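User: I would like to learn how to read packing and backbone features in a protein model. Please take me through some cases.

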Amino acid sequence: MSCDLAIIGAGPAGMAAAVEAVDLGLSVAVIDENPAPGGQIFRGLEGAAGDAALGADYAAGLPLLRAFRALRIGYRPATTLWHLEPEEGVLSLLAAGTTSELTAGRVLLATGAQERPVPIPGWTLPGVMTAGAAQILLKTAGAVPKGRTVLAGQGPLLWLLAAQLARAGAPPALILETRPKGRLAEALRAGGLLAGAPLLAKGLALLAKTRRIPRLRAVTGLHAEGTGHVRRVLWDGGATECDTLLLHEGVVPATHIPLALGLEHDWDEAQRCWRPRVDAYGASSHPRVAVAGDGAGIGGWQAAVAAGRLAALDAARRVGRLTEAGFARRAGPLLATRRAALALRPFLDALYAPPGWVLAPPEDATLVCRCEEVTAGQVRAAARLGATGPNQLKAYCRAGMGPCQGRMCGATVAALIAEARGTTPEAVGTLRPRAPYKPLTVAELARTG
């Protein structure tokens with residue numbers, strides 16, 4: 001099977017790109033690991049749009065989702081891209097235990113974001129989860145944590161989840177905000193408040209809805225304790241009992257596939273992460289591959305929708321389905337929409353920049369690579385012995401060599417190496433994942449559809 005445009009991911013960017021591309025006459029295939037479209041932000045939307053606990057902004061994705069569902073395309077849910085040969089445009093897929101191939105003239109990676117890991121002592125205990133994982137359970141199953149729940153971290157998602165849990169009848173017992181003192185002044189200097197006023201108003205309204213939840217500010221030194229399950233969370237100067245601890249320090253682009261493809265990346269100092277190098281229309285350093293949405297830089301779902309549509313316009317222009325004049329006419333309003341959606345980012349990025357102890361855990365005993373059980377101390381020791389980067393570190397210990405290939409530990413390992421060697425994460429570099437991007441068995445590889 002072949003198509004003009006293969007889109008990886010059916011979140012806001014992927015769905016918007018598919019709708020735009022079909023309107024322009026392109027043949028489209030959408031590959032998505034989830035069983036239904038929506039991505040993380042609109043996960044479970046078709047079944048939970050009327051849930052008052054999730055709020056009006058959640059239901060705002062319904063028009064886009066319905067437009068996507070109406071398309072006559074090769075939509076493949078519950079399907080994993082495990083290898084991509086960009087030179088030939090061949091995608092290797094896995095679904096229901098069977099592998100297959102798809103050939104595309106252009107590939108758009110719309111794989112979104114992932115939560116930034118928060119490696120603290122005890123973060124592998126049952127009952128310690130990310131805020132995003134708790135939100136997935138709320139959206140897909142209407143499930144809320146049982147017992148005393150504590151939220152720890154910072155960022156818009158933390159406050160959104162707190163409000164959603166409260167509306168669901170399970171308000172958090174305590175919020176431990178890790179934003180350091182002085183960040184508000186830095187954020188005000190970063191700017192973006194005037195242009196981003198509408199989004200700022202939404203954020204302030206969210207904070208108002210959670211004002212009755214007890215909170216502590218500028219928290220440091222987080223620890224989770226328990227035997228067989230988290231029972232207590234500690235911080236410098238305090239402690240409290242808990243049955244569930246939800247951690248969150250913002251989100252970062254999901255760069256696993258772009259890195260494996262060898263696409264050029266840039267260090268984003270504001271967001272403290274790597275992001276693929278793309279132009280205004282999502283085109284990457286490879287002539288066949290584009291990246292759109294939060295996978296190209298964190299901006300939220302409205303910016304992702306505009307980015308997806310721009311990437312589709314660019315794909316149509318490249319195959320002659322759209323003249324330069326037509327491209328310019330359609331791209332102009334989308335560029336303006338994306339600028340408006342991103343206007344508040346300088347303020348948010350400065351306000352919620354992760355503190356140093358999140359990026360590089362100070363205690364040597366803290367587990368950083370969950371797959372291979374490598375500690376922060378072992379990474380520091382390897383760096384002092386001569387490991388100059390995450391890939392070289394593999395010769396000293398197995399950090400980044402487990403099933404997740406560094407998705408959960410890569411950034412932390414790089415920050416620890418940078419700290420030990422007196423340099424920066426940008427200079428240290430990043431892990432280079434390899435195919436298969438997700439684990440598959442020999443039996444699955446042998447079964448070809």
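This is a predicted model: local features need pLDDT of at least 70, side-chain atom pairs count only at pLDDT 80 or more; totals for chains, interfaces and linings use all residues.

User: Why is the pair of Trp267 and Trp274 called edge-to-face?

Analyst: Planes over 60 degrees apart count as edge-to-face. The ring planes of Trp267 and Trp274 stand at 70 degrees, with the centres 5.5 Å apart, so this pair is edge-to-face. Both Trp267 and Trp274 are buried.

User: What is the arrangement of Tyr281 and Phe327?

Analyst: Their ring centres are 4.9 Å apart and the planes are at 70 degrees, so Tyr281 and Phe327 also form an edge-to-face pair. This pair links distant parts of the chain, 46 residues apart. Tyr281 is in the loop between strand E18 (273-276) and strand E19 (289-291), while Phe327 belongs to helix H11 (residues 324-342).

User: Is Phe327 buried or exposed?

Analyst: Buried means a relative accessible area under 20%. Phe327 has 4%, so Phe327 is buried.

User: Which charged residue sits over the ring of Phe327?

Analyst: Here one looks for a charged group placed over the face of a ring. The charged end of Arg317 is over the ring of Phe327, at 3.7 Å from the ring centre. A further case is Arg370, which lies over the face of Trp123, 4.7 Å from the ring centre.

User: Arg317 brings us to helix H10. How do H10 and H11 pack?

Analyst: For a helix pair, take the angle between the axes, then the distance, then the handedness. Helix H10 (residues 301-318) packs against H11 at an angle of about 165 degrees, and their axes are 8 Å apart. An angle over 145 degrees counts as roughly antiparallel, and therefore H10 and H11 are roughly antiparallel to each other. Their crossing is left-handed. On the H10 side, the residues that meet H11 include Ala306, Leu310, Leu313 and Arg317. Among their counterparts in H11 are Phe327, Ala331, Leu334 and Arg338.

User: At what angle do helix H14 and helix H16 cross?

Analyst: The axes of H14 (residues 376-385) and H16 (residues 410-421) cross at roughly 50 degrees and come within 9 Å. That makes H14 oblique to H16. H14 passes H16 in a right-handed crossing. From H14, the contact is made by Ala376, Val379, Arg380 and Ala383. The H16 residues in contact include Val413, Leu416, Ile417 and Ala420.

User: What does Val358 touch?

Analyst: For a single residue, ask where it sits, how accessible it is and what it contacts. Val358 is in helix H13 (residues 356-359), and with a relative accessible area of 2% it is buried. Not counting residues up to four places away in sequence, Val358 touches Arg116, Pro117, Pro119 and Glu249. Val358 is also 9.7 Å from Ala415, C-alpha to C-alpha, although 57 residues separate the two in sequence.

User: Where does Gln164 lie?

Analyst: Gln164 is part of helix H6 (residues 156-167). At 2% relative accessibility, Gln164 counts as buried. Leaving aside neighbours within four places in sequence, the contacts of Gln164 are Ala53, Leu54, Gln135 and Leu138.

User: Where is Gly237, and is that residue buried or exposed?

Analyst: Gly237 lies in the loop between strand E13 (232-235) and strand E14 (238-241). Gly237 is exposed, with a relative accessible area of 87%. Gly237 and Leu137 are 100 residues apart in sequence and 32 Å apart in space, C-alpha to C-alpha.

User: Which residues does a cis peptide bond join?

Analyst: Most residues other than glycine have a negative phi, and most peptide bonds are trans. In this model a cis peptide bond joins Ala435 and Pro436, with omega at about 0 degrees. Pro436 is in the loop between helix H17 (425-428) and helix H18 (442-446).

User: What is the phi of Arg272?

Analyst: Phi of Arg272 is near 55 degrees, a positive value in a residue other than glycine. Arg272 lies in the loop between strand E17 (265-268) and E18, and is partly exposed at 25% relative accessible area. Phi of Glu373 is likewise positive, near 55 degrees. Glu373 is in the loop between strand E20 (367-369) and strand E21 (374-375); its relative accessible area is 59%, so Glu373 is exposed.

Technical notes: Residues are numbered from 1 along each chain as its sequence is written. Side-chain values use heavy atoms; hydrogens and water are left out. Rings of Phe, Tyr and Trp (its six-membered ring) pair if their centres lie within 6.5 Å; planes under 30 degrees apart count as stacked, over 60 as edge-to-face and the rest as tilted. Buried means under 20% relative accessible area, exposed over 50%, partly exposed in between (1.4 Å probe, protein chains only). Helices (H or I, at least four residues) and strands (E, at least two) are DSSP runs, numbered from the N terminus. A charge sits over a ring if NZ of Lys or CZ of Arg is within 6 Å of the ring centre and within 35 degrees of the ring normal. Axes are lines fitted to C-alpha atoms, for helices over the stretch in contact, and angles run from 0 to 180 degrees between N-to-C directions. Angles under 35 degrees count as roughly parallel, over 145 as roughly antiparallel, 65 to 115 as roughly perpendicular and the rest as oblique. A crossing is left-handed if the near helix is turned anticlockwise from the far one by less than a right angle, and right-handed if clockwise. Contact means heavy atoms within 4.5 Å.
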